[in-house]
Structure formats: C-alpha cells, structure tokens
Amino acid sequence: MNQIEPSTTGGLTLITTHANADFDAIGSMLAAHKLYPGSLVVAPAFNEKNAKNFFVSSMSYLFDMIDIKTIDLSQVTRLVIVDTRQAGRIGILDSIINRPDVEIHIFDHHPPAKNDITAHYALASPTGANVTLLTEVIQERGIPISPEEATVMCLGIYEDTGSFTFASTTARDFTAAGFLISKGADIITIASLIAKEMDTRQISLLNDMINAAEHHRINGIDVTIATVTCDEYIHDLAFLVQKMMRIESLNTLFGIALMKNKIYVSARSLSPEVDVGEILTALGGGGHKSAAAATIKDKTLAQTENLLMETLQKHLISKNRAIDIMSSPAITVDSGTTCQQARQMLTRYNINALLVVEWTGGKDRLVGFISRQVIEKALYHALDDIPIKEYMTSEFAIVGPNADIQEIQEKIIKNKQRVLPVMEDEKIIGAITRTDLLNLLVQESQDRKARLTEEKQGASNPRTKNIISFMKERLPKPILTILAHIGTVANEFGYPAYVVGGFVRDMFLFRHNDDIDIVVEGNGILFAKRFAKFYGARVNAYDKFGTAIIIFPDGFKVDVASARMEYYKEPAALPTVEMSSIKLDLFRRDFTINTLAVSLNPESFGRLIDFFGAQRDIKEKAIRILHNLSFVEDPTRAFRAIRFEQRFGFKIGKLTSGLIENAVKMDFFKQLSGRRVFSEIAHILKEDNPIPAIIRLNEYHLLKVVDAPMSLDTKLMAYLNAAKKVIAWFDLLFTEENYEKWTVYFLVMLHHADKTRAEGLCERFEIPPKLQKRFVRERMAAENCMNQLLRHPTLSNGELYRELKDMRIELILYVMSITTSRKLVKAISYFVTDLRSIRLTVGGKDIQALGLKPSPLFGKILSAVMEEKLNGRIQTPEQEIKFLKDYVHAL
C-alpha cells in the first residue's frame with residue numbers, strides 16, 4: 001500500500017506518537033486524524049502537570065482520543081505513527097507492528113536510522129517540525145480545518161522550531177505556519193504556551209546540572225555531560241539543557257536525569273562534529289543533528305553514562321586530527337645536504353624547518369629536523385658547506401595520523417619543536433608546524449565565538465563545512481552529476497579530488513562560471529584518461545605540468561591538474577612545478593578568494609575547505625595576496641588584483657596595495673615577458689567595462705609597464721569613454737556580428753603610438769600577426785580614412801561606402817571613438833546601420849545574359865549599379881535591371 005485512504009478491512013485505524021509527546025507530536029496526531037477519518041488517537045503518557053497537559057485536555061474534543069487500555073489490539077488493521085519511527089518509543093503498540101494484517105503508516109521528520117520501523121506508507125522529510133509534513137498534505141488535499149485545529153498544529157511548528165530560530169528550521173515550516181495562520185491559528189494562545197518560565201523545581205534542577213557538569217575531550221572534541229537525580233518527574237529537561245548551553249557557553253551538552261524510576265537523556269549540539277541525533281539513536285532515542293532525546297529503561301545511571309561514553313568514543317571523529325591538519329607530502333632533506341643548500345630549500349618552499357632523513361635499508365629513515373634559525377646561524381659563522389646532520393636536532397617527538405589536537409599541542413610545546421613529523425608504519429606521511437598549531441588554536445577560538453554570536457569569522461587554517469544543499473541550489477544538475485562522477489572515479493584510484501578556484505569562488509558570489517578546475521592528489525593525467533573513457537570524451541595531456549583537459553563530445557571542457565606546488569628561481573620567472581598536496585596547491589594561487597576547494601569524493605562530497613580565509617575576504621569584499629613576496633615571484637598578479645577588484649566590486653587590501661606599489665618601485669615588471677603583460681592587459685580589456693581597471697592601472701603606474709609614454713590624460717580618458725558608448729550603441733543594434741570589442745579599447749590605448757612605436761610594442765608583446773596587422777597598418781589606414789572624411793564632409797553615400805566598406809567593424813568603432821566631429825560620427829553610424837547592409841539583387845549572371853563574357857569589367861559595372869542604389873536613384877530590383885541594361889548598352 002502506498003497511499004493514504006480509508007481502511008477497507010473494517011478494522012480500526014489507530015494514531016499514536018512517542019511517549020512524553022510534545023506539542024509537535026500532539027499537533028501531528030491531530031493532523032493525522034484529519035487525514036484518516038474515523039481513526040482513533042491513542043493518548044500518550046503525560047508526566048507533566050503543566051499548561052501543556054491542561055491545553056491538550058481542553059482541546060480533547062478535537063480528537064477521538066482514547067486510553068490504550070480500552071482497545072482490543074486484535075481489531076487494529078492500520079497503525080499511523082507520527083513524529084517517530086522507532087519501535088521502542090511507541091510503548092505496547094510495538095507488539096502489533098510486525099503483524100501481517102496491520103498496515104503501518106509513518107509521518108516523521110527525523111533522520112533515518114537502521115532500526116526504523118518498516119512501513120507500508122511513509123512520508124519522511126527533514127523539516128523543522130513534524131506537523132509541517134502533515135499540514136502540507138492537508139493543504140494539498142483541501143481538507144478543511146477549524147481555527148482551533150489550526151492553533152494546535154501551528155503550536156507544534158512554533159515549539160519544534162524554537163519560534164523559527166533553530167538551525168533545523170526550513171522554508172517549508174514558514175510556509176506551513178503561514179497556511180495555518182490563514183486558517184485562524186491564534187498567535188496569542190501560541191505565544192502564551194510557548195513562553196518558557198521556569199518554576200522553582202526547574203531552577204533547582206538546572207542548578208544541580210551546572211554543578212554536576214563534567215567536561216570530556218573525546219577524540220579531540222569537547223563534550224559536556226551533566227548527570228542528576230530527583231525524586232519526582234520535572235518537565236522540560238530539553239529546555240533546561242538548552243538553557244545550560246547558553247549560560248555555560250557550551251558546544252555540546254548531554255543532560256542525563258534519573259526521575260523516579262526512569263532515566264531521561266536530552267542533548268544539544270552546536271558542533272558540526274557531534275550529531276546528537278545519531279548518538280542518541282544508538283541509545284534507543286532519536287532526534288536531529290543538533291537536538292535529540294532518549295528514554296532509558298532497565299539501566300542504572302552508571303550504566304547509562306558508560307553506554308553514552310562508549311557511543312561517543314565510537315561516533316566522534318575530530319576533523320582536527322593530525323592527518324587532517326598536516327601538510328603533505330612533508331618536505332624532507334638528506335642529512336648530507338649542506339647548510340647553504342638547506343637554506344635554499346627553506347626559501348624555495350617558504351618554510352621554517354626541514355625534516356632530515358637518511359637512506360637506510362632501502363627507505364628513508366627520519367633522523368632529525370633542522371630549523372631556519374639554526375641554518376642562518378651556521379651561515380653567519382661561514383659553515384656553508386658543512387652537512388646539516390652536524391647541527392640538526394636528533395631528539396624529537398612524533399605523532400600518528402589520528403593524534404588529536406591536545407597531543408599535538410603537548411608535543412610541540414613540551415619539546416619546543418618547530419615541526420612535528422606525522423608517522424605511520426615508520427613512514428613520514430606529513431608534518432605539522434608551530435604556525436599550523438597556532439592558526440588552529442586561534443581558529444577554534446574564533447569558531448566558538450562564531451557559534452555563540454552566529455557570526456562567521458575568517459579562517460587561517462582549514463575551515464570546513466558541507467555545502468551540498470548550496471551546490472544543488474546554485475549548480476545545474478548536469479554539472480553536479482559530472483562533479484559526482486569525478487569523485488567516484490578518483491576514489492577508484494584512491495585519490496582525493498577537489499573542484500577549486502574561481503568556480504567555487506563564483507558559486508559564493510552568485511556568478512555563472514562553467515570553467516571547472518579539478519585538482520587530484522595523485523596522477524592527474526592518469527585520472528583524466530580514466531574519467532574520459534566513462535564519458536566517451538577525449539583528453540589533451542601536458543606531462544610537464546601534470547595537467548590535462550577533458551573535452552566532452554558536446555565540446556564542454558574540464559581542466560584537471562595534479563596537486564602541485566610552484567617556486568620561482570628569480571623574480572618574475574616562470575614557476576618550477578613539483579607534485580604536492582591540496583593545501584600546498586592552493587597556497588601557490590594568487591589571491592585568498594581563489595583558494596576555496598570542495599571535496600568530490602563520495603564520502604566527503606560537498607565539503608568546503610578554506611585554508612586561507614577566502615570566505616572572510618569574500619564577505620569583506622577584499623582582494624588579498626597569500627604571502628608578502630607574491631608580486632616579487634609573479635608581478636602579473638598586480639594586473640589580476642585590479643581585474644578582480646573591478647569585476648567583483650571589491651577593494652584591494654591595504655597590505656596588498658602597498659606590495660603592488662613596492663613591486664612597481666622595485667621595477668620587477670621589467671623582467672616579465674611582453675607576452676605575459678599583453679595577456680593580462682587583454683584579460684582586463686575583455687571585462688564588461690574595463691575603464692575603471694584602466695584608471696586603477698594608471699593609479700598604480702602600471703600603464704608605464706604597457707608602454708612608458710602611456711598615461712591616462714584627459715584626451716585618452718575621453719577616447720575610452722567614447723569607445724564604451726560606441727560599443728554599447730553597436731551592441732544594441734543586435735546585428736549578432738562576432739567582433740573583438742576588447743581590441744577597440746586597445747586600439748584607443750595605442751592612439752598615441754606612431755607606426756614605428758606600435759610595431760615595437762607588437763613585437764615586444766609577441767602579438768600574433770593578424771592582430772599586429774590590425775593594431776598597426778589597419779589602424780594607420782583607419783586614421784587616414786578618418787582624416788580624409790573630415791576633409792570632405794559632404795561626401796555622397798556612394799563615396800562614404802567606398803571609404804568604409806573594406807574596414808573591419810572594430811576599426812570603424814575605433815574611428816568613431818577618437819573623432820571629435822559629431823557630423824562624422826553621424827555619417828559613420830549611418831553607414832553602419834544602413835549603407836553597410838545594402839546588397840544588389842543583380843549579379844554576374846545578369847551581365848552575362850546581356851551578352852558579355854566574364855572579365856574585370858563586371859566589377860566596374862556592378863560598382864556603378866551599387867553607386868546608384870546607395871545614392872537612392874534606384875530602389876527596386878526592376879530598377880536595378882533597367883539601369884544595368886542601360887549601362888551595358890552605353891559601353
């Protein structure tokens with residue numbers, strides 16, 4: 001059975017929920033009663049003598065509510081369960097769930113668990129309140145409800161979403177509440193019942209919980225457990241747990257209370273690593289990731305505490321283990337390396353300590369480490385050629401891959417180690433530096449503040465969160481499918497795979513970007529070839545850089561790279577590339593905003609990784625470099641900083657701005673190849689509006705890098721603004737003509753250069769011959785044409801057409817941009833909109849029909865016809881034929 005319908009067996013339909021039902025469960029039972037006419041509602045046991053009990057009793061006329069003891073369970077043919085799907089939570093009714101003659105219908109908003117009841121019909125979805133699911137069905141079916149019924153159901157939504165403040169609240173909860181309010185739900189009644197005022201017993205219990213709190217660190221994760229006892233049942237343990245969380249500024253709290261002869265557990269979590277719903281499900285309870293509860297029977301308090309601790313040990317896995325925060329592969333150096341060579345390696349990799357190894361028994365054996373400080377002192381004493389093994393630290397601590405932050409901190413601080421090796425099976429798998437540790441500790445402090453204040457702080461060490469829902473919202477389904485398949489194929493090789501860079505950045509900026517860059521921690525080319533077979537795609541591989549391009553049958557492309565690090569042998573040189581990890585791969589990038597990565601492997605799909613504070617800088621709209629020598633290593637980053645600043649409406653950070661000025665002052669740009677400079681300028685000119693970026697180039701004196709005499713004076717500024725207007729005008733004609741608008745701006749920028757200088761610039765920039773021709777000879781011809789037109793302002797249409805007909809549209813727009821004659825602009829625009837598209841209906845065949853054989857004379861004849869048509873003396877095809885005959889006969 002897979003739909004809701006009246007029972008056809010003539011038996012009873014019962015509706016029930018979990019013990020100690022809250023308003024959400026009560027509202028869900030009422031809603032289910034509306035969906036199943038003739039059903040009976042089994043009253044859950046209420047231990048609370050409070051407003052909730054009174055309210056339910058006063059509204060009992062809305063339910064056909066009966067005591068379970070009065071029912072002959074053999075007559076039940078359908079059981080409807082709401083707000084749970086755990087057999088252990090529905091009391092004695094669990095005795096009928098496996099009967100073959102009983103249909104089980106379930107409505108539940110909790111996450112699925114392995115011991116869930118098997119249902120014939122189930123409606124399960126992760127909403128903030130369970131009654132939201134049933135309200136949607138009632139609304140869809142048009143089932144009428146009274147204001148009183150709407151109030152009870154809406155009360156459940158308000159309670160289970162914390163009046164729409166809990167993290168589990170969804171848009172569907174708001175919509176359902178809006179529908180119920182439209183049906184007359186009484187907000188004043190709801191507010192009076194939702195208000196949480198503690199009585200003296202609750203205050204006393206809360207005080208006991210605070211005094212009994214024990215703080216544990218389990219697998220690197222902080223967890224608090226408060227165990228109390230009381231002789232009577234005190235309601236709203238969950239509320240008290242929530243209250244204690246806020247008072248004590250806790251991340252995760254488990255409240256265990258023995259009341260009379262039962263043990264109640266309530267849990268709340270603000271930590272992304274602690275899913276309290278999953279943990280308490282293992283104890284027979286259930287709930288959500290951030291809120292859950294369980295009722296424990298037949299166990300003592302000590303047994304319950306031990307069971308909880310065992311479950312926590314099993315389920316909690318910190319993201320801050322050594323394997324999660326280490327840099328990999330570790331940078332190692334042979335013990336025979338000289339001090340001078342060691343300093344070069346420290347500088348090359350931008351690190352402050354090296355792990356020292358010796359080749360023994362066919363493998364590298366870790367024998368010590370050496371710091372930059374020791375190396376510098378050795379060089380100061382002229383020990384350049386002495387092997388580092390003479391001065392390395394040979395007594396050191398190590399950690400395994402699963403070491404938690406506490407162990408890492410203790411070993412680095414206690415042993416005063418600048419670098420802590422991470423070892424597995426006597427093999428170095430990574431390294432953790434003191435800077436890594438400091439960044440992590442600072443980040444943990446920021447995260448705690450962020451969770452309490454609901455502010456998002458920046459990250460300087462890896463900050464992760466799952467963004468699957470955001471990806472589904474932002475990305476087309478075919479792209480999501482490709483990304484998922486990339487992760488699956490990478491898993492086959494054992495490679496971690498990530499989508500990185502601008503694609504991820506633009507997701508958060510809500511900008512469309514189909515340029516997918518994939519990084520794998522492994523052989524990117526091997527991976528690309530395997531993946532391409534899956535899609536019937538082809539691969540262009542570049543062995544030198546470990547990169548490949550996957551080209552799909554429809555032409556769509558995906559770039560794949562092996563995780564790599566780059567170092568620069570000298571300022572402005574092209575980088576030398578080595579294999580690396582995702583962290584070091586991201587560190588080589590230009591700006592923090594381009595360092596986001598999303599994991600694609602199935603077990604971690606959608607996990608966002610932020611090592612360098614990209615989310616912070618996107619939020620603050622700041623362009624920042626990753627390290628202070630960034631513009632020394634690659635001065636072209638200065639052009640990109642300006643391009644991104646203007647494209648996104650960001651601001652170059654103060655430090656970054658100063659470093660650009662320093663790079664200009666130190667003239668690092670003189671070592672750049674002209675091709676790289678031209679590439680960056682072309683990228684800037686291809687922006688929708690490049691003028692603000694050109695202004696910024698001038699402010700940083702970077703136009704001098706393009707051409708020393710170039711400056712943004714009043715004249716050039718006027719030409720650029722004119723070019724912008726002319727391009728916008730042409731685009732609005734919707735001619736669908738493909739043209740390179742960026743070259744119009746570049747032609748304007750070259751206006752100051754004579755033929756010799758322009759040729760020199762083109763040669764220096766290594767501009768392709770086709771563009772060289774446009775920027776030099778054709779530009780000069782266009783300027784001469786402009787001067788010719790200015791000298792003869794009364795040209796006929798035919799004469800104007802002859803002057804402009806062979807000129808490329810980019811050059812026509814260039815002339816319109818640099819002329820100060822409004823009359824000339826008007827004439828040229830008339831040519832573009834009218835004359836340029838005029839075509840003859842007659843042709844060579846028509847001339848042959850008049851008895852002439854093909855010859856150069858045909859061109860002269862057709863030009864004469866065109867001249868007449870352009871000047872308006874002939875307009876119809878018939879007039880063209882007549883003029884053609886008369887012209888030929890007159891020859």
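**Reading helix packing and cores**

Colleague: Which residues of α17 meet which residues of α19?

Modeller: From α17, Thr481, Ile482, His485, Ile486, Val489, Ala490, Glu492 and Phe493 meet Leu526, Phe527, Arg530, Phe531, Phe534 and Tyr535 of α19. Contact here means heavy atoms within 4.5 Å. Helices (H or I, at least four residues) and strands (E, at least two) are DSSP runs, numbered from the N terminus. Before we go on, this is a predicted model, in which local features need pLDDT of at least 70 and side-chain atom pairs count only at pLDDT 80 or more, while totals for chains, interfaces and linings use all residues. Residues are numbered from 1 along each chain as its sequence is written, and side-chain values use heavy atoms, leaving out hydrogens and water.

Colleague: At what angle do α17 and α19 pack?

Modeller: Axes are lines fitted to C-alpha atoms, for helices over the stretch in contact, and angles run from 0 to 180 degrees between N-to-C directions. For α17 and α19 the angle is about 125°, and their axes lie 10 Å apart. These two helices are therefore oblique to each other; under 35 degrees counts as roughly parallel, over 145 as roughly antiparallel, 65 to 115 as roughly perpendicular, and the rest as oblique.

Colleague: How are α1 and α3 oriented to each other?

Modeller: Helix α1 (residues 23-35) and helix α3 (residues 131-141) cross at roughly 25°, with axes that come within 8 Å. α1 and α3 are therefore roughly parallel, and their crossing is left-handed. Residues of α1 including Gly27, Ala31 and Leu35 meet Val131, Leu134, Val137 and Ile138 of α3.

Colleague: Which residues of α17 are buried?

Modeller: Buried means under 20% relative accessible area, exposed over 50%, and partly exposed in between (1.4 Å probe, protein chains only). In α17 the buried residues are Ile479, Leu480, Ile482, Leu483, Ile486, Gly487, Val489 and Ala490. They pack against several elements, among them α16 (468-474), β20 (516-520) and β23 (557-562).

Colleague: Which residues touch the most other members of the largest nonpolar core?

Modeller: A nonpolar core is a set of buried Ala, Val, Leu, Ile, Met, Phe, Trp, Tyr and Cys residues joined through side-chain atoms within 4.5 Å. The largest one has 126 residues, and Leu483, Ile486, Ile518, Leu702, Phe746 and Phe775 touch the most other members. Another core of 38 residues lies apart from it, with Leu35, Leu134, Ala177 and Ala185 among its members.

Colleague: Is Arg643 buried or exposed?

Modeller: Arg643 is buried, at a relative accessible area of 9%. This arginine sits in helix α23 (residues 637-648). Setting aside neighbours within four places in sequence, Arg643 is in contact with Glu680, His683, Ile684 and Glu687.

Colleague: Where does Ile97 lie?

Modeller: Ile97 is in the loop between β4 (76-82) and β5 (103-108). With 12% relative accessibility, Ile97 counts as buried. Leaving aside neighbours within four places in sequence, its contacts are Leu79, Ala87, Ile90, Ile104 and Ile117. Ile117 and Ile97 are 20 residues apart in sequence but 7.8 Å apart in space, C-alpha to C-alpha.

Notes:
A crossing is left-handed if the near helix is turned anticlockwise from the far one by less than a right angle, and right-handed if clockwise.
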